[in-house]
Amino acid sequence: MSRREFLGRSTALGMALSVGAGLFDKAHAATPVKGGHMRLAMGHGATSDTLDPATLTNGLQWVVAYGVANTLTELDAQGNLVGSLATEWGSSPDARVWTFKLRDGVEFHNGKTMTAEDVIASINYHRGDDSKSVGKPVMAAVTDISADGNTVVFTLENGNADFPFNFNEATFGIYPAKDGGIDWKAGGSGGYILKTEQPGQRYEFERNPNYWKDGAAHADSVELHSITDPAARQNALITGEVDCIDRVELKTLALMSRTPGVVIEEGAGPLHYTFPMATKVAPFDNLHLRQALKYAINRQEIVDKILFGHGVVGNDHPIGPSYRYHAADIEQLEYDPDKARHHYEKSGLGDIEINLSASDAAYSGALDAAVLFQASAKAAGININVVREPNDGYWSDVWMKKPWSASYWGGYSTEDTMFSTGFAAGAAWNDTQWDHPRFNELLVQARAELDEGLRAEMYREMQVILRDEGGNIVPMFANEVHARNEKIAHGDLSWVRGFDGRRIMERWWMV
């Protein structure tokens, strides 16, 4: 791609949906209003949460991170990459050396003016040998970061045509440098200053009076609550305790849409629900068992009964229809008890019971989805034992601790970031312990390939490898659905993730 084509590219992550009459007919206000107190509730969060940018696990942490800190780039509502702390960027012809010019006069919450050294320290925070950061594999190809005045220069081991897109992720928020690291507890340069923090429960913010960004961070103050129980979260909106909730309970969506003063909004993006298996742990190190389980799940039934049609069937890889290189021509895996039984017999494991840990902390309906999986697998002679796990502590005590569990991924802005974060060998969030030589080779080659056709072929092959051999069962891609009252408004919505790409705090306002 030429530089002009690159800068003008839309990721297509975020397709607004218009569904039945009465659900989406209330138009949002177009003109932002300053002032007021915004109250939000999310179906995410745990008491073990921190705001360390290296360990942002769930959606609530991302909303807080985007509220208190800025990134070098960001995605607008149409999926276009735009400048934030970086005003412009460019690369060498081989996309191996990238230069970012920084915005002047940006002030951190602690009063320090941002410099190139702060940017370098914030990115290096994820690159150290001892780093356990989720961002480490994304920055693994960076060999050097240097400052040239108010410009930061990144040198990569190999080219990466999508490199600037990485910096819109909350993980790479910019914080003041301190003692060879960063002071993330001091906050960044974001629109809101954190005043009260009760991890996984409640956060209070005040607007940053020195915020550099015009036309953003409209409310005077914000309250953010973690309410993981869907009924309690919905009741909080209906009774007026909060102004907006995410993860609306889909089984009661139509009923809720008839509640006076409540507006339901929905869009399709890269959100997908999964059942990851640890491929280096028995019995999931057995390829035939993994293939048996892939044929033993009735994906369409789960979409119908868990999503109630608010999503589409998945094909055991993370690149859904909203991605640029989604390979729609790949044959869809279908529920086939006979094939499941064939592969199960080929596994040689005999009559064993396989534990599947699940909790609705993973996603609303995860337990029911696991029970449906249990029933469809039984028809193939596979005995799945569904282990009901507690909601609190699920992400710290179950996910990536138990060999098979329910999970979800909000997705990322590019195929490379999704694959690097969730499937690169040794990545902190590689929840299937995936390490496949050909996949690893393609991961490096595809990010450096500037020929669109060749790049598409590589990403297609990677999707096929995961479908056929991977340890991740991806039964469905789910729409993002949130509900708000008429006291809160917004402009055009991003569906790259829920809550307006997780940037709800600075993009929405009170009316």
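## Overall build

Of the chain's 511 residues, 59% count as buried. The model is predicted. Its secondary structure comprises 15 helices and 24 strands. A compact globule of 511 residues would have a radius of gyration near 24 Å; the chain has 22 Å, which agrees. Along the principal axes, the C-alpha atoms fill a box of roughly 65 × 55 × 40 Å.

Among contacts with a separation of 6 or more, 72% are between residues 24 or more positions apart.

## Surface and charge

The accessible surface of the chain comes to about 19,000 Å². Carbon and sulfur atoms hold 49% of that surface. The chain carries 47 positive and 68 negative side chains. The centres of these two sets lie 1 Å apart.

Helix 11 spans residues 415–422. The helix is mostly covered, with 8 of its 8 residues buried. These are Glu 415, Asp 416, Thr 417, Met 418, Phe 419, Ser 420, Thr 421 and Gly 422. The buried residues pack against strand 16, strand 20 (407–409), helix 12 and helix 13 (452–469).

Gly 426 sits in the loop that runs from helix 11 to helix 12 (437–448). Gly 426 has a relative accessibility of 77%, so it counts as exposed; the cut-off for that label is over 50%. Lys 132 is 294 residues away from Gly 426 along the chain, yet their C-alpha atoms are separated by 9.9 Å.

Trp 404 belongs to the loop between helix 10 (394–397) and strand 20. Its relative accessible area is 0%, so Trp 404 is buried; the limit for that label is under 20%.

Leaving out residues up to four places away in sequence, Trp 404 touches Phe 275, Pro 276, Met 277, Phe 284, Leu 293, Ile 354, Asn 355, Leu 356, Ser 357, Phe 373, Ile 384 and Ile 473. Phe 284 is one of these contacts.

## Aromatic pairs

The whole structure holds 28 aromatic pairs. Phe 154 and Phe 167 make up one of them, in a tilted arrangement. Phe 154 lies in strand 8 (residues 151–156), while Phe 167 lies in the loop between strand 8 and strand 9 (177–178), so the pair ties together parts that are 13 residues apart in sequence. Both Phe 154 and Phe 167 are buried.

Ring pairs also build a cluster. Its members are Trp 62, Tyr 66, Tyr 394, Trp 395, Trp 399, Tyr 408, Trp 409, Tyr 412 and Trp 429.

## Backbone features

Ala 282 and Pro 283 are joined by a cis peptide bond, with omega at about 0°. Pro 283 is found in the loop between strand 16 (272–276) and helix 6 (287–295).

Ala 95 has a phi near 60°, a positive value in a residue other than glycine. Ala 95 lies in the loop between strand 5 (86–91) and strand 6 (97–102). With a relative accessible area of 4%, Ala 95 is buried.

Arg 502 is not a glycine either, but its phi is positive, at about 70°. Arg 502 occupies the loop between helix 14 (498–501) and helix 15 (504–507). Its relative accessible area is 5%, so Arg 502 is buried.

## Ala 116 in helix 3

Ala 116 is part of helix 3, which covers residues 116–124. Ala 116 counts as buried because its relative accessibility is 1%. Apart from residues up to four places away in sequence, Ala 116 touches Leu 102, Ala 147, Gly 149, Thr 151 and Val 152. Phe 100 is 16 residues from Ala 116 along the chain, and their C-alpha atoms are separated by 9.8 Å.

Conventions:
Residues are numbered from 1 along each chain as its sequence is written. This is a predicted model: local features need pLDDT of at least 70, side-chain atom pairs count only at pLDDT 80 or more; totals for chains, interfaces and linings use all residues. Side-chain values use heavy atoms; hydrogens and water are left out. Helices (H or I, at least four residues) and strands (E, at least two) are DSSP runs, numbered from the N terminus. The radius of gyration is taken over C-alpha atoms; the globule rule is 2.2 Å times the number of residues to the power 0.38. Buried means under 20% relative accessible area, exposed over 50%, partly exposed in between (1.4 Å probe, protein chains only). Contact means heavy atoms within 4.5 Å. Accessible areas come from the Shrake-Rupley method with a 1.4 Å probe; for residues, only the protein chains shown count as cover. Lys and Arg count as positive and Asp and Glu as negative; His and the chain ends are not counted. The place of a charge is taken as NZ of Lys, CZ of Arg, CG of Asp or CD of Glu. Rings of Phe, Tyr and Trp (its six-membered ring) pair if their centres lie within 6.5 Å; planes under 30 degrees apart count as stacked, over 60 as edge-to-face and the rest as tilted.
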